[in-house]
Amino acid sequence: QNATLKIGFVGVTSGPAAAWGISNQRSMEARAAWLNELGGVTIGDKTYNIEIVPFDDQKDPKRAIAGMEKMAQDGVHYVVGPNVDDGAAAVRPVAEQNGIMYFPYAFPKELYTPPASNAILGMVANYQSGPAIYKYLMENKGVKKVAFVAANESDPLSQRESGIAAAQALGLEVVSGNVTYQVDTTDFTPVLLPVIQASPDLLVLSGVSPANAPQLIRSARELGYTGLISTETAQDATVLAEGAGELAEGFISVGGASTPELASDAMNEFVERYTKMFGEYNDESNTKVYALEYIIETLKANPAAIDNVEEYKKTMDTFEAANPFMKGDAKLKYVGTTSFGQKRQVSVPLVVNEYKGGKFETLFVGQVD
Amino acid sequence: MEQIIANGLYLGAQYALIALGLTLIFSLMNVLNFAHGQMYVFGGFVTYTVVVQLGLPFIVGLFASAIVLAVMGAAIEKFLFAPVVRRSKRDESTMLLAAGVAFFLDAVILLFFGEKQRGVPKIVNGVFNWDMRIIMPYDRILIGVLAILLIVAFIAFMNYSKTGRAMRALAQDKMAAQLMGVNVARYSMIGFALGAMLAGLVGGLLVTITGVNLGMGGPTSIKAFLMIMIGGAGVISGAIAGGFILGMMESVGLTVLSAYGDITYLVIFASLMVFLAVRPQGLMGKPWG
Amino acid sequence: MDTKKLLGFAVFLLAVFVLVPLFIGATGRVDFFYTLTSVALLSVGAAGVWLTFYIGRINIGQGAYALVGGYVSAILVTQAGVSFWLTLPLAGLFCAAISVVIGLPILRLRGVYFAMVTLVLTEVARLSALALPVTNGAKGITSIPLPGELSFFGLTIIPAFGSLSNPRIGFYMMAVVLMVVTYLVLWRIVNSRLGHLCRSLQQNEELSASIGVNTAYLRVLAYAISSFFGGIAGAMFASIAQSIYPSSFVVADSVNFMLYCFLGGLGYVFGPMLGTLLLYFGWDLLSIAKQYQLLVYSGVMILLMLVLPNGVLSLLDKKEGRA
Amino acid sequence: MSTILQIKNITKRYGGLTAVNDVSFDVNKGEILSVIGPNGAGKSTLFKLISSFVPATSGEVLFNGERISSLAPHKVARMGVVRTFQETTIFRSMTVRENIIVSHHLRSRASLFGFFLGTKQAKDDEAAFAASADDIVDFLGLQAIRNELASNLPQGHLRALGMAIGLATDPKVILLDEPFAGMNHDETMKMVGLVRRLRDERGVTVLLVEHDMPAVMKISDRIVCINFGQKLAEGTPQEIRENEKVIEAYLGSEDAAIGM
Amino acid sequence: MTKILSVENIELYYDHIYALKGVSIDVDEGETVALIGANGAGKSSILRAITGLRPVKSGQIFYQGQRLDGTPASDVVRKGISMVPEGRRAFPLMSVKDNLLMGAFTRTDKAEIEQTLENVLTRFPRLRERYHQQANTMSGGEQQMMVIGRALMARPKLLLLDEPSLGIAPKLVQDIARAIVAISRDEKVSILLVEQNSRMALSISNRAYALSTGSIALSGNSRDLMNDDRIKAAYLGGEL
Ligand SMILES: Nc1ncnc2c1ncn2[C@@H]1O[C@H](COP(=O)(O)OP(=O)(O)OP(=O)(O)O)[C@@H](O)[C@H]1O
Ligand SMILES: Nc1ncnc2c1ncn2[C@@H]1O[C@H](COP(=O)(O)OP(=O)(O)OP(=O)(O)O)[C@@H](O)[C@H]1O
Ligand SMILES: CC(C)C[C@H](N)C(=O)O
Ligand SMILES: [Mg+2]
Ligand SMILES: [Mg+2]
């Protein structure tokens, strides 16, 4: 009989932002079930079954703290989440006092830069993907003028700010940079009207949630906008197809592991298992398959870390393992020195997709260091 | 300018329809239905399921939404609100119940329909473009017109049908209405069902344009509250006025204030508070005492 | 206070200050410290909401004051280096002050109108926090230091939290002290002429004015006290999370404050405390229901409302028959 | 006899409707003056103007020569001009005694904060209020219902309670709006006796609005008749009873067919 | 003469208040019966018991020989009993027209409703003048006419009136009294009239009951009661 290794998830799985956390939790659960089916994972001289301990923080930082406390109580040392800036900042004291490594899907740099040391960014930040995308579009599509819109909330607004900074650094002209919308907007036409009138070549939807993206695209197109539209967040193709149909053609977003050019057989099987377990795959989970994998692989590399995060931190600097979700000889390793001055980010391929005919096609693939 | 007005009218029509259902329930039962937005979302998901999953025509989806929500509204009134209203000491107690129902519907929606944004493909294609002065996709025009027709039908129903009259009477004086032969329990239930049905219908109409997701419920309720506050709570004409005013304010504000950044809603909310401080009963509400 | 009440109060103090920590020590459930800290602090905010109910106003705006309180403390601590212990009352006072300015016009509103305006207030607070420079906008304020030492004339009354092996207990004790003081104040208000006047306001404002009560003043006073409670609760939370964001307190929090009052019972001073405990703790306990958590939670809430529409404390009525 | 209240050219408009139109009259100290007039003539509005519950469009009210028209209602009450309401208005979920005690507010000398702390002054005040409340209960003969919840009281008692609330404020002038409505002869006469004693024993000046003519004729020293917001007549009961204009507008003539 | 209504020994409670302690009254076909009594004597409570707004604790009520108690309020009017409640209770935000039409809520015969409406408007010409006016903008007297008209719209066989003179100027009280006499005469309706204005009530009724704290103290022919010393002392007073 295997021992149990508990990995936590603290994030939002109900309410307006449920999509973000649910894709996290489900990809963890799908992967854990698969590993357990294969007989568990062997770390050091012991074999463990993975158990996911989820906690719904309702996107409330106060609850997120309670979630992290609960993880500490349950003896969990590795937690995926939270999904948003305020939650990630709020759990920091608890995580640090209780020796917990956590993988937020939130971008504030002070979470990952010293003296902070317990948070590991679970995905590519927009200040990393943004410049790459803008540069590509400048060079290949002749983009000169760019406009930004964002929801009137912390995460998207911060992303817009760093997006604008990146664009300006590249020499792009920012023609509109302060239009915002409420997340509950049902008609984006009035929101986008002034943006479109500034006639940009590229419209960036900063930190857009999958729920809002189709409507924004649709309104922009219906207002006669013909330029490019892009975002630095992950999107779901089905949602785009249903919500914007053909109008979403050419929409550029950040993708991930299931991209055909990259996906290994293991990844395809993962998608299959996920779909079987939960009825439907969510493309957003592409960016969320990795955290659990990193935790397990790092523990394998240094079994002493299983209940001691200091050991984990030591291992991170040199850690390297094969990336099972990607074709070829891609590696799992920690990066982030450029952005944070220390390795506090998972290395995942920066996949930039273009929406075409109901599916995502890869535009280019980059790497973050 | 024309574009701003057109946008405002379109927004106003859908808002007014949402506010109507809320105000109807409020006037009949003195219940501030926190779950109104969730009912709207539910309606959207029903239409989605019927149209996209089952592949039936849009109009069938719309009817399905109307019926499902009406039945749901009736059940919620009969088994939840009616008993609580009967037994509680203070009117406001129903707020806890309403909030509970809102949470409950949120949970049900999440379990039944999932966390993803859902949408029904466009029902008509093409964009109306008047010399670049008014640009409005045909589907939006269609939905706007449908919404206005529904509003007109609703007003006619409330003013000229016997049932409508009975509901107005009930809202104004329960005891007297009873003496006229109006069965309070039955008509409260009908009223609630009608309010819920309106919410469902808007959800069904808008799912073709904006789609739905489980997060829209709460904020939609809040917007609906704003509208009936502008117009005057429990007054039908007020709800309509409130809907159109909010629609217009959003449309104008977002255009005029776009240069100043994130302040449109701050301005809308602030002016609302000032307005209510000056006119506490809204545009058409009845003053107290 | 008669002896029976005094005794009850002593038992309560014993329970929260001694028995709870002992229990946690014995069971090792240290995470309960935070949960109970939250309950205590939220119940302080809810006490304020309850007071506005007591003058006949439905307040769905307490989140706004909690947010403002949190920011006031955070800004003073990080930017002016003021001691946290000083910022705590300052946050409360600041909230009370702005609530006077806001309350003067809006307290004229009644019924659902007041309720909805206060609902909007929470949004206004969030949007302002996003827009103002002093709040650091969308980025929030992070890395707020833990409360330092509080000492008078060299005598340490509260040690620096950073030096504690477990700041959780520090926060718990602090929160419970705040809660006890808050409810003492509330209890005293309700049982003095001040409370009788509030009740007269709740039942009939016109008549209250005609017997010479300065209704406008009393309303603002009650609302300011309420906002003061909201402000200090928010300040404490900011200090626990060591961060504050525009979304730290949102409309959902305001609605929750109100629900705590309803659930406990609007007719009972200790209603909001019990309501907070049941709803907040209840949610945590229900995490065993996994994806059905919200379903069960809301289902139970609806059931409670059906069985006890006047609040959980109305259970006591049946036994004693309230005078 | 000295004048205690002067109503000077007072006018109130609601939008296009003029509810009270340029009405003037004086009230003497210690008299009982009735205001009569058809439904909607503006009587209740006039009372609201005097007690400053609604602001006058023009004109003013003087109390002992001092202008009170633009003061807040609680200040007017504090000066001693207190109004009861047409619809019986009470604190519904308090007992009769609690209603009366709380209405002593104007007489308190301790501050609100003092009450909160429970200072000696506050305790003295409370004791004084309780004693005075019992006095009033006795005066109005409400002993049997002193601990009843106000919401359970029948109409007649509600009115008496309304009066008690008014008394608790220690008024110099009390405005009673339809104090006899819904009472039968017997009860009306008891109430008439009470109002008289109020004046005789406590020196309170009484203004009242009433449709019950026998009672009005019996109780009033003087009567003012209002019609369509304007003063139609002013005089002793005898003069009013015989005033053709008042008969025409308000009293009507005896009708043999129905024996009235 | 046949009884249209007979109330037999009913008791009625509000929470713990014992409002009616065994009251019996009856009304004959075509007759006008007055119910007088002190404040809180229970007059309105009797009407509430008849219309089913309040359940009776014990005793029975018969209408046209059939058991009436236990019938829900909204069904009572279907049987031919209309009530004008205490304090008028007009639908304040509705027009006179809609108020009147609400009175005919239980009827389905369109043409006959029109006919009744015409009769009511002829009886109260004031209402025709104000046909489209909103009820709450009308004077108390006009509203009282309107709610009586509203009750007539149901074409009742038994009309219950609760203090129609309350808060009404003397001149209008006379108008209302005349209207009641005329209704009884023209429409052959039986009327149960609750009044504090005992002089008026006794002068337009055939018989009367005097109620005192929940039970009947006196009853008899109105003309006789008018001259009864006890009634004179308690309810009528001397002069005017
Ligand atoms: N707040 C208000 N807004 C608009 N009109 C009003 C208001 N209050 C009173 N009125 C109108 O002013 C007029 C006078 O009303 P008021 O209540 O003073 O009459 P009244 O003489 O007391 O009548 P009654 O004898 O029936 O009580 C009426 O036409 C009434 O409709
Ligand atoms: N809703 C109620 N709740 C409690 N008690 C009530 C209620 N309604 C009436 N009562 C009580 O029942 C008794 C009879 O009241 P009822 O209204 O029948 O009297 P009434 O003769 O019509 O008096 P009035 O002349 O004041 O209208 C009174 O003691 C009254 O206090
Ligand atoms: C970029 C962010 C908006 C992503 C989001 N926080 C998530 O959990 O997926
Ligand atoms: Mg009046
Ligand atoms: Mg009565």
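An oxygen atom of ligand 1 is placed 2.8 Å from a polar backbone atom of D:G40, a polar contact in the sense of a pair of N or O atoms within 3.5 Å. This is a predicted model, in which local features need pLDDT of at least 70 and side-chain atom pairs count only at pLDDT 80 or more, while totals for chains, interfaces and linings use all residues. Residues are numbered from 1 along each chain as its sequence is written, and side-chain values use heavy atoms, with hydrogens and water left out.

Contacts of ligand 1

- The side chain of D:N39 has an N or O atom 3.0 Å from an oxygen atom of ligand 1, and a polar side-chain atom of D:H211 lies 2.9 Å from an oxygen atom of ligand 1.
- Of the 640 Å² of accessible area that ligand 1 has on its own, the protein covers 68% (Shrake-Rupley method, 1.4 Å probe).

The shell around ligand 1

- Among the 14 residues around ligand 1 (a heavy atom within 4 Å), those that come nearest are D:G40, D:G42, D:K43, D:S44 and D:T45.
- In chain D, β2 (17-28) and α1 (43-50) each supply at least two residues of this shell, and the largest share, three residues, comes from α1(D).

Helix α4 of chain A

- Just after α4(A), A:G142 takes a positive phi of about 65°.

Terms used: Chains are lettered from A and ligands numbered from 1 in the order in which they are written. A polar contact is a pair of N or O atoms within 3.5 Å; within protein, one must be able to donate a hydrogen and the other to accept it, and residues adjacent in sequence count only if both atoms are side-chain atoms. Helices (H or I, at least four residues) and strands (E, at least two) are DSSP runs, numbered from the N terminus.
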